[in-house]
Amino acid sequence: MTRLRSVISKFEDGSTRNGQIGQNINTANVMAAMLISCGQDAASIFESGWSRLVADLDEETKVLTMSLYIPSLLVGTVGGGTHYPSQRESLELIGCYGDGKKWALAETIAAFALALDASTVSAIANDTFAASHQNLARGPRQSKI
């Protein structure tokens, strides 16, 4: 847990030094996928993707608590693109279609974003991030010579 907290601290530091707005690992990836698949306005990815990943390590218990603050997650569950068949089906699949479901959709998107950030930072902390991409997604590099 200490190493994981250390990696997150380095991301926080680097984000600040680089002038990044917000501090997260890859919230925008989840936002793009969820907003488009659930009939949301794709242009809202910028505002909705602004977030801050925070990790608190209890030195006594060694329990790490991660939180993702998303102050401006723009979602709706009625009207607009939610009426398209595929987007409506996506919303129904996750139990978020219809009146009164916007908070459920926001919570679901936030949970997915936190899960992806936790997974990614864990892979970085245990040195499996690059190998995972090579083995699972991109395969070995092929020389063009």
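Start by selecting C38: at 1% relative accessibility this residue is buried (under 20% relative accessible area; exposed is over 50% and partly exposed in between, with a 1.4 Å probe and protein chains only). C96 is in no disulfide, and the structure holds zero disulfides, a disulfide being a pair of cysteine sulfur atoms within 2.5 Å.

This is a predicted model, in which local features need pLDDT of at least 70, side-chain atom pairs count only at pLDDT 80 or more, and totals for chains, interfaces and linings use all residues. Residues are numbered from 1 along each chain as its sequence is written, and side-chain values use heavy atoms, with hydrogens and water left out.

Colour by pLDDT, the predictor's confidence in each residue, from 0 to 100. The mean for the protein is 86, and 92% of its residues reach 70 or more. Where pLDDT is low, the predicted coordinates should not be read in detail.

Next, select helix α2 (residues 27–37) and show its buried residues, T27, V30, M31, M34 and L35. Viewed down the axis of α2, they fall within an arc of 115°, so they line one face of the helix; the arc is that of the directions from the helix axis to the C-beta atoms. They pack against α3 (45–48), β2 (63–69) and α5 (102–125), contact meaning heavy atoms within 4.5 Å.

On the α2 side the contact is made by T27, N29, V30, M31, M34 and L35, and on the α5 side by T108, I109, F112, A113, L116 and D117. G39, which follows α2, has a positive phi near 75°.

Finish with two loop residues. K62, in the loop between β1 (52–58) and β2, is not a glycine but has a positive phi of about 65°; its relative accessible area of 43% makes it partly exposed. D127, in the loop between α5 and α6 (129–138), has a positive phi near 60° and is likewise not a glycine. At 58% relative accessibility, D127 is exposed.

Notes
Helix = DSSP H or I, 4+ residues; strand = E, 2+ residues; numbered from the N terminus.
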